[in-house]
Amino acid sequence: MSAPRAEGGGPARPDTPCVAVCSTTFDEICRGCGRTVAEVAQWVSMSAEEKERVWVRILAQGYPRRNT
C-alpha cells in the first residue's frame, strides 16, 4: 500500500506542521515548526492555499524540527 498523495502528486502532508516542540522564547518563530505566532494561532482558519504557502516556506527553511 502506498502513501496518500497530495493534489500535486507528492506525498500528502500532515494536517499541521506542529511537532510538539513549541518555543517562541527568543523571537516570533516557533523553533519546532517554523511558523510565526500568528500562523500558529490562525492555522485552523487558513485556506488550503494559505497553508500550502506556509508549508513551502518552512520546508525550504529546514522545518519542522523535532530536536531543536
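What share of the contacts in the chain with a separation of 6 or more comes from residues 24 or more positions apart? Such residues account for 43% of those contacts, a contact being heavy atoms within 4.5 Å. This is a predicted model, in which local features need a pLDDT of at least 70, side-chain atom pairs count only at pLDDT 80 or more, and totals for chains, interfaces and linings use all residues. Residues are numbered from 1 along each chain as its sequence is written, and side-chain values use heavy atoms, with hydrogens and water left out.

**Confidence**
- The chain averages a pLDDT of 85, with 81% of the residues scoring at least 70; pLDDT is the predictor's confidence in each residue, from 0 to 100.
- Over residues 1-5 the pLDDT is below 50, and this stretch has 6 contacts in the model beyond near neighbours in sequence.
- Where pLDDT is low, the predicted coordinates should not be read in detail.

**Overall make-up**
- The chain holds 2 helices and 0 strands, where helices (H or I, at least four residues) and strands (E, at least two) are DSSP runs numbered from the N terminus.
- Of the 68 residues in the chain, 22% are buried; buried means under 20% relative accessible area, exposed over 50%, and partly exposed in between, using a 1.4 Å probe and protein chains only.

**Core and rings**
- The largest nonpolar core has 6 residues, namely Trp43, Met46, Val54, Trp55, Ile58 and Tyr63; a nonpolar core is a set of buried Ala, Val, Leu, Ile, Met, Phe, Trp, Tyr and Cys residues joined through side-chain atoms within 4.5 Å.
- Ile58, a member of that core, touches Pro17, Cys33, Gly34, Arg35 and Tyr63 when residues up to four places away in sequence are not counted.
- Two core residues also lie under arginines: Arg35 sits over the face of Trp43 at 5.0 Å from the ring centre, and Arg65 sits over the face of Tyr63 at 4.0 Å from the ring centre.
- A charge sits over a ring if NZ of Lys or CZ of Arg is within 6 Å of the ring centre and within 35 degrees of the ring normal.

**Backbone exceptions**
- Most residues other than glycine have a negative phi, and most peptide bonds are trans.
- Ala20, although not a glycine, has a positive phi of about 60°; this alanine lies in the segment before helix 1 (37-42) and is exposed, with a relative accessible area of 66%.
- A cis peptide bond with omega of about -10° joins Tyr63 and Pro64, and Pro64 lies in the segment after helix 2 (48-60).

**Positions brought together**
- Arg66, in the segment after helix 2, is exposed because its relative accessible area is 59%.
- Arg66 and Ala20 are 46 residues apart in sequence and 7.8 Å apart in space, C-alpha to C-alpha, while Arg66 is in contact with Val19 and Val21, leaving aside neighbours within four places in sequence.
- Gln61 also lies in the segment after helix 2 and counts as partly exposed because its relative accessibility is 41%; its C-alpha is 7.9 Å from that of Gly34, 27 residues apart in sequence.
- Ala38, found in helix 1, counts as partly exposed at 40% relative accessibility, and its C-alpha is separated by 8.5 Å from that of Glu28, 10 residues apart along the chain.
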